[in-house]
Amino acid sequence: GTGNMTFYELADSTCTGSTITVVTLSAGGHIRNFNAKTNVAETSPYIATATGLVGTTYNLTVVGDTPTSVTLTGNASVIAGNCSPAYSIKVKDAYGNDTTTASNITFALSGAGAGGFYTASNCTGATSNITMVSPQGFSNLYYKNTLVESVTLAANDSGAFNDPTINVNVTAAAPSILVYTVGDVASLQNVCSSVFSVQTRDSFQNVSNVPGNTTVTLSGEGPGFFYAGAACVGSFGNAITISSGTSSAPFYYKNPGGAGTYTLVSSRGGYTSATYLTTTYVNTLSITPQAFTIAVNNSKVYSTTGGYGSVTYSMPNGGDPGSISGDTYTAAASPGGATVRATDSDGNTSDATIEVRTALQINPPGLTQLNRGKSFNFDKTGGAGPFTWTILTGEGSINSVGNYTAVTYPSNAQLGTDTVFR
């Protein structure tokens, strides 16, 4: 025959001896008995032939034995949003054959993740359990999930059988939406933005790879430009390509045209477009300090905030006193006014004014005598403020506006290096 049956002598009632393929019918006899055994549930034809006689065929059906276990089978992957093909819960005998139940069995279903179980093939009739009706040996259920994830579906009969499981991957549906996953909400005029990234997703917002190279059109840049490189190099016009088998592509943006808010748009036919609101700010160059008083032959270091790129310093009025070297201005030996200018890489400028004054001098330059306990108000000329008054040597006191008060006994005092009196 074509099945998995093996044959034994009639005396071998346990079917544990040697197998046979031939039996002998004794002379004068008309019947010969023998035993047969298989572990496989099947229907197969078995044929008996003998020389000079017409052969015979016997179709034998072997059914499953008493159920000892349960299996859960079906597809290992499901596309997000699609109803799965049937998942089947089956009872099996000790040899792994499908078999039947003697009574109804109810299975609690779990492990659906963000999805759910259903009784109908179009994923209607949501359920959390399913009943295998006797004598039927199987039950079908269906599964649907809109979130990409890996789940382990399980069935539990709360009885003597094992609890079968199956690992299922929910994969993304075809891409149909464009989104910005990262971008620069604000950037300075003529300064390269941080990275923007456009991503493809399915209709359930799952990341979904494109099946082939996919061109996405960029627009809404206003007076700005799109670039491929992180330093805003490699201008590529108004399109990016998401490579086959991937889901995103980066680009950068630089706007030299002035302040404003712009809506960057990524679009492609058949996809929902993505928008991103970005603001360009003007980075005003400012020199510090913008106004300063300095004494002759002294120097001042300048700095800047804002602007673009490197900054250089100059004196735009050729006749101004003093000189500039790098960021340091040195006053001339005579008083006057000067202008220092800072210029950035884009040609933006910021000016500072300087008043050069004569050297500081206390007036009167020498007061030789002051009565004990009396006061005198000193003045000053030249120099660059702010000013402070101090007594270098001797006694007495002086306030913030130069008013000196002598002690009540004879003493000497010196202010700065200009005035000595007793």
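Buried means under 20% relative accessible area, exposed over 50%, and partly exposed in between (1.4 Å probe, protein chains only). This is a predicted model, where local features need pLDDT of at least 70, side-chain atom pairs count only at pLDDT 80 or more, and totals for chains, interfaces and linings use all residues. Residues are numbered from 1 along each chain as its sequence is written, and side-chain values use heavy atoms, with hydrogens and water left out.

**View 1. Phe7 meets Phe34.** A search of the whole structure turns up 11 aromatic pairs (rings of Phe, Tyr and Trp, the latter by its six-membered ring, with centres within 6.5 Å; planes under 30 degrees apart are stacked, over 60 edge-to-face, the rest tilted). Here the planes stand at 75° with the centres 5.6 Å apart, so Phe7 and Phe34 are edge-to-face. The pair links distant parts of the chain, 27 residues apart: Phe7 is in strand E1 (residues 6-9) and Phe34 in strand E2 (residues 34-37). Strands (E) are DSSP runs of at least two residues, numbered from the N terminus. Phe7 is partly exposed at 22% relative accessibility, and Phe34 is partly exposed too, at 39%.

**View 2. Phe117 pairs up with Tyr143.** This one is tilted, with 50° between the planes and 5.8 Å centre to centre. Phe117 belongs to strand E9 (residues 116-118) and Tyr143 to strand E12 (residues 138-144), 26 residues apart. Both Phe117 and Tyr143 are buried.

**View 3. Six names, one aromatic cluster.** Tyr180, Phe196, Phe226, Phe251, Tyr253 and Tyr276 make up the group.

**View 4. Lys300 sits over Phe292.** The charged end of Lys300 is 4.7 Å from the centre of the Phe292 ring (the cut-offs: NZ of Lys or CZ of Arg within 6 Å of the ring centre and within 35 degrees of the ring normal).

Note on methods:
Helices (H or I, at least four residues) and strands (E, at least two) are DSSP runs, numbered from the N terminus.
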